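Hi,

Here is the structure I promised to pass on. Have a look at it first, and then read my notes below.

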Amino acid sequence: MLSIRNLGKSFLCPESREVLHDVSLEVARGEYIAIMGESGIGKSTLLNLIAGLEMPDHGSIRLDGCELVGLDDNRLTRLRRQKMGFVFQAFHLLPYLTVSQNIALPLALNDVSERDASERVSSLLASIGLAGRGGSPVRELSGGEMQRVAIARALAHRPQLILADEPTGNLDPVSASHVQALLRDQVRQGNAAGILVTHSPAAAATTDRIYVLNPEGLFPRDAA
Amino acid sequence: MNRLAIMKAVTGPVGDHPGRIFMSLLGIALGVALGVSIHLVNRAAVGEFSQAVRNVSGQADLTVQGPATGMNEAIYPYLANMPEVALASPVLEVEAKLPGRSETLRLLGVDIFRASRLLPLAIENGDGNPAAASMLDPQAVFLSASAAQWLGVRPGDNLTLQAGLAPVQLRLAGILPQESYRQRLGVMDIGAAQWRFLSLGRISRVDLRLGNGVPVDTFRRKLAASLPPGVEAIKPAAAGERAASLSRAYRVNLNVLAMVALFTGAFLVFTTQAMTVLRRRAQIALLRVLGVTRSTLSWLLLAQGAAIGAVGAALGIVLGYLVAFHGLRHFGADLGGGYFHNVAQATIAAPGSLAVFFALGICAAMLGALAPAIESARTPPAQALKPGDRERALARAGITWPGLALLVLGAALTPLPPVAGLPLFGYLSIALMLLGTVLLMPALAARSFGWLPAFRSVPLQIARAQLHGAPGRAAISMGAIVVSFSLMVAMAIMVGSFRHSVEHWLEEILPADLYLRAAQRVETAFINPETQTLIRQTPGIRQADFLRSSDLLLRPGAAPVTLIARPLMGRTISEILPLTETGAARVSGDPPPAWISEAVADLYGYRTGQRIELPIGGAQVEFTVAGIWRDYARQSGAIAIDRALYIQLTADWRADSAALWLESGISADAVTALLRERIPNGAWLDIAQPGKIRAISLEIFDRSFAVTYILEAVAVLIGLLGVSSSFGSEALARRNEFGMLRHIGMSRRQIGAMFGLEGAMISTLGALVGLLLGWLIALILILVVNRQSFHWSMELYPPWQLLFGLSASLILAASFTAVLAGRHAMSCDPVHAVREDW
């Protein structure tokens, strides 16, 4: 599903620094992996490169057989819209939309019919334990509930790749545990590939494989 | 942490948003600049005019003044022989027409031996010798330096003026002291002036110096009782005040417009501050958690407002001074109002007034910063630190009762009468309505955008949801639009209605085929009875109506009312005068009829059917008010009576102008040529067809409103700056939202379209509300402000095409601004926009 080969990225500002060095990774459909590493080591940069939000200096990123490196902004945007889902640490729900409207946003962007979208949203609401709360404003939700809505939004359009960065970073341990389990289950049920960036060993433990990013590259934890 | 560091933490570094700070500064600067420039120009005009009046009255304690036609000179020995009077100096004031030109030269005919004890008349001949002897020469005239320069004459040169339709040859004998007479003026012997300007036996005024210890006010009251009708005793300063009072409403209106610009500037500061504290809400809450008190927080935010106000006001003062300086040099001191002719102009710096404008600029900016400061300080820090608190803060703005209360109060103030002749309650009503509507905007936005149908397009869907779900933010942008646009609409409707009414009025008052005039408002240029006969007998003329205008003093201290004597009896009055009200039919035994203008009805409280006394021909004559007519030409009022009666009362057969009806098929140009040929010095007559008079009148109208248009344009410019500023802040505040949308697959174009659509929806609603509010304000301007200021009624005539064009331009400009702001916000990549997460 996702194939990364010899990826390298340096930043020039404020001083020239190589952030990613010869990174390679394979993630299969239905596989859920975690990437750990020290702060500032380049985990976020790696996610940005996979999402096509930044371009690598060298290397290759293939998603479902399609090479991302070298695509223009419009094609990358369409690719993100159709094939990727994102979960952010601070949820990033739109406060002026209801819970359902937030979840349905990727469906609307993908021109899914209203009826299909409504069915999909209802099903997701039920699966995240918020059935019957679709019409609520998001500001009425707790942090854990907001992140569950964010996960539903990331899954709504059945993406092939889900990218989550510290999705439990803002949550209490009980909510975090619920969200971790939900994310894992949804990735597997959707037969998508999932990448979780986290500092939490507990969160990482919910995934199939754990990788560690260090200055030499990305390695399975056992090998690192 | 010192206060400066705390302030930086509260407001953020200025370098973070220099554009918005600059726009706030500019808003205040433009408002202050307008106020300062108008004040300086008015001050120059009124100051110079008062000085000019003092110069021609000299050191007199009292002036006994007759109407413009003058008074019988027999009053002079009566006054001179009064025991309280130490010195009496008779003066004949003549506005002498320059042949072939529309301008006039003001001449004072004085008794040099008496006048020199009151006036600064240290006159010298061209050879440098005292000029008392030359003054008695009936050919001699002394001019002020500015008059000599204007006329291009030097001592010894001849000068031709006009009396009736005949030339008057004078010789420039010397120049008046330049330091005392800056205005265009000439002085000659009173006897010569009476003779040369066909005013034998008439004088304009007598300047009096009272004996030592004679109380001026007591004597003035005693004297007033013994003076003939139409003659009054006033202090010299009162003449200047009277002229200033005539223009006061006009000047106050201009000042109010400048204050509107300043108010819009304050609104701009509000927009900037509100958006800043909204965006930095969490940081401000953090400071509260760290121990910054509410009052410190409020004061810091107010201090930032004050700093913006101080810099803006300082810039505004410099700019205003420059505008006044160049405005006086290029456009004159009357700002298009036509109140101050022949007045020398100089920009006078007034430190006191400038300090007031500086303070006003600071106060306006602090006023703009007040609401955000209070809201910010009141919010509990724990709440402000929660996600989504920005929307909660703005939700409080959705309360409707304060806005509704202000609207009702504003409407309730409109019927109240003027205060000291000024429509203060009208202005207050407009301010309350503006404020009330702005306060209602969040609720109105929430409801209006909620009514919009659900859209399939994602950008439209999100734009609609954003505006419906977070109306507080939209309301800030809409407030700026509503304030500036409603004022623009109000002025457009008022000026459009006024112009339409003036056009209609001109058609009504110019029913003849041809008009002829000796001069405008000049007593010494007239059409004598012989010339009137010549005109009547000119081939091609079917009917000639001759008019005589003079002044009436109806109330001591008030500006004179114009008396118009024209053939009225036996005519259909509604075909001659644009009547707005007609009295009951006259019954036998009633005094003769008089038709009063709206200004006379307003200023003197006269009503149709009422019996009034008018001082005509040295006696109080009783009339019945037969009707009220609309007159845009004379702000201090006019009364029309039948000319035959006027001649009977005054024996004045002269006429100033004539309305001529031609035989059918006769060309007006041919008659004009014939008249110029038949009448001696006929070339000096102004002869015009009604179409030309209408065109000239409308040109004058447009020129008069030019300053108003400029002021209005500045207010609108400030408003658009506000819109741009609020969209910019809004885009900045929603950068992480845009970043998230980019992550989930919205293209830059879609986000740009979404923000542009929000701009279009906001500006459309803003324009609709602005149109409605503008229409209400226009009604107040027409029915209250104009009526109370200038005593003019007018028909409501909204210029729909212009309003439609303005609305479309506004919506386009606002949408374009929104797209630009959105693009700017998206210039930072989506990774940085959500970088707190990645």
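In chain B, 24 residues of domain 2 are in contact with 26 residues of domain 4; two residues count as being in contact if their C-beta atoms, placed from the backbone, lie within 7 Å. Before I go on, please keep in mind that this is a predicted model: local features need pLDDT of at least 70, side-chain atom pairs count only at pLDDT 80 or more, and totals for chains, interfaces and linings use all residues. Residues are numbered from 1 along each chain as its sequence is written, while chains are lettered from A and ligands numbered from 1 in the order in which they are written.

On the side of domain 2 of chain B that touches domain 4 of chain B, the elements giving two or more residues are β3 (85-97), β7 (158-163) and β12 (232-234) of chain B. Helices (H or I, at least four residues) and strands (E, at least two) are DSSP runs, numbered from the N terminus. The largest share of that side of domain 2 of chain B comes from β3(B), with four residues. By type, that side of domain 2 of chain B has 14 nonpolar, seven polar and three charged residues. Here Ala, Val, Leu, Ile, Met, Phe, Trp, Tyr, Cys and Pro count as nonpolar, Asp, Glu, Lys and Arg as charged, and the others, Gly among them, as polar. Taken over C-alpha atoms, the centres of domain 2 and domain 4 of chain B are 28 Å apart.

For the whole of chain B, the division is domain 1 (1-58 + 273-381), domain 2 (62-234), domain 3 (458-510 + 691-838) and domain 4 (514-688). These bounds come from an automatic or database domain assignment.

Next, how the two chains meet. Chain B puts 23 residues into the contact and chain A puts in 27 residues. On the side of chain B that touches chain A, two or more residues come from each of α17 (458-469), α25 (735-743) and α28 (830-833) of chain B. α17(B) gives the most to that side, five residues. The residues on that side of chain B are ten nonpolar, eight polar and five charged.

Now for chain A, which has seven helices and ten strands. Its radius of gyration is 17 Å, close to the 17 Å that the globule rule gives for 224 residues, so chain A is as compact as a globular protein of that length. (That radius is taken over C-alpha atoms, and the rule is 2.2 Å times the number of residues to the power 0.38.) Along the principal axes, the C-alpha atoms of chain A fill a box of roughly 50 × 40 × 35 Å. Of the contacts in chain A with a separation of 6 or more, 69% are between residues 24 or more positions apart.

One sheet in chain A is open and mixed, with six strands in the order β6-β7-β8-β3-β9-β10. Strands pair if DSSP finds at least two bridges between them. At the edges are β6 (84-87) and β10 (217-220) of chain A, each pairing on one side only. From one strand to the next, the twist averages 20°. β6(A) runs parallel to β7 (residues 161-165) of chain A, joined by four bridges, and A:M84 has A:L161 in β7(A) as its bridge partner. Helix α5 (residues 143-155) of chain A lies across β6 and β7 of chain A, at about 170° to β6(A). Axes are lines fitted to C-alpha atoms, for helices over the stretch in contact, and angles run from 0 to 180 degrees between N-to-C directions.

There is also an open antiparallel sheet of four strands in chain A, in the order β2-β1-β4-β5. Its edge strands are β2 (17-27) and β5 of chain A, each pairing on one side only. α1(A) packs on this sheet, touching β1, β2 and β4 of chain A, and its direction makes about 60° with that of β2(A). Seven bridges pair β1(A) with β2(A) in the antiparallel sense, and A:F11 stands opposite A:R17 in β2(A). β1 (residues 2-11) and β4 (residues 58-63) of chain A are antiparallel too, with five bridges. Finally, the hairpin of β4(A) and β5(A) has two residues between the strands, and A:D64 takes a positive phi near 55° there.

Cheers
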